Amino acid sequence: MKDSCFIRGKVPMTKAPIRAVALDLLELHQAQRFLDIGAGTGSISLQAAQEYPDLAVYAIEHKEAAVDLIKENRAHFGLKNYQVFLAEAPMNEDLGHFDAIFIGGSGGKLVEIIDWAHELLKPGGRLVLTFILMENANKAITHLEGGPWQDLEVQTLQAATRKTMGPGHYFKPFNPTTIISCKK
């Protein structure tokens with residue numbers, strides 16, 4: 001989906017090239033339940049719900065403005081398979097188990113959220129995380145390598161969009177993003 005499809009606010013959004021890779025790594029074509037932790041604008045989970053109408057999609061976000069934006073986009077896309085929680089992760093509420101989990105934000109609780117995601121994932125379930133801060137990516141890599149995870153992969157993507165400047169053109173870069181994927 002193009003970024004322009006989403007109603008935008010002041011909340012940062014995972015851009016289309018990063019979403020495409022993250023969604024591919026989540027392997028949602030064979031999933032029944034998907035959780036987006038630290039959803040921000042919800043672009044990952046909203047696109048997942050749009051592309052997979054039989055997928056039960058859940059999102060957790062602790063910022064009220066972001067949740068309001070997610071709800072606007074949910075209505076904009078007419079999604080019936082999407083539920084959002086205004087809460088901090090990890091939550092005490094029993095959400096059941098998931099086939100795939102995406103972590104886009106952690107609010108300073110990265111290790112706790114990774115461990116919680118492991119509890120929530122079904123055996124063989126996919127975990128994908130994205131980072132623009134190198135320190136957070138390194139913290140996640142170190143924790144995942146020391147844990148019970150399989151098939152750990154790490155990649156960094158740099159994307160840019162062509163823009164007009166006067167009579168010419170240039171590429172405006174997005175933040176370089178580290179994408180981590182693994183399996184329970």
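Reply: Helices here are DSSP runs of H or I with at least four residues, strands are runs of E with at least two, and both are numbered from the N terminus. The model is predicted. Read along the sequence, the pattern is α-β-α-β-α-β-β-α-β-α-β-β-β-β. That gives 5 helices and 9 strands.

Start with the whole chain. It has 184 residues, and a compact globule of that length would have a radius of gyration near 16 Å; the chain has 16 Å, which agrees. The C-alpha trace spans about 55 × 35 × 30 Å along its principal axes. Of the 184 residues, 45% count as buried. Among contacts with a separation of 6 or more, 65% join residues 24 or more positions apart. The chain exposes about 9,600 Å², and carbon and sulfur atoms supply 50% of that.

UniProt, in an unreviewed entry, lists residues 29-133 as "domain: Methyltransferase". Over residues 29-133 the chain is 32% helix and 31% strand. The end C-alpha atoms of that stretch are 29 Å apart.

Now the backbone. Most residues other than glycine have a negative phi, and most peptide bonds are trans. Two residues and one bond deserve a look on that score.

E27 has a phi near 55°, a positive value in a residue other than glycine. E27 sits in the loop between α1 and β1 (33-37). Its relative accessible area is 30%, so E27 is partly exposed. That class lies between the cut-offs of 20% and 50%.

D151 also has a positive phi, near 55°, and is not glycine. Its setting is a strand, β6 (residues 150-157). D151 is partly exposed because its relative accessible area is 45%.

The bond is the one from A89 to P90. It is cis, with omega near -5°. P90 lies in the loop between β3 (82-86) and β4 (98-103).

Last, the start of the chain. D3 belongs to the segment before α1 (16-26). D3 has a relative accessible area of 17%, so it is buried; the cut-off for buried is under 20%. What does D3 touch, leaving aside neighbours within four places in sequence? D3 is in contact with R8, M13, T14, K15, A16 and R19. P123 is another matter: D3 and P123 are 120 residues apart in sequence and 33 Å apart in space, C-alpha to C-alpha.

Note on methods
Residues numbered from 1 in each chain as written. Predicted model: local features only at pLDDT ≥ 70, side-chain atom pairs only at ≥ 80, totals over all residues. Heavy atoms only, no water. Rg over C-alpha atoms; globule rule 2.2 N^0.38 Å. Buried < 20%, exposed > 50% of the residue type's maximum accessible area, 1.4 Å probe, protein only. Contact = heavy atoms within 4.5 Å. Areas by Shrake-Rupley, 256 points an atom, 1.4 Å probe, with all protein chains shown as cover. UniProt positions renumbered as here; feature names shortened; annotations may be inferred.
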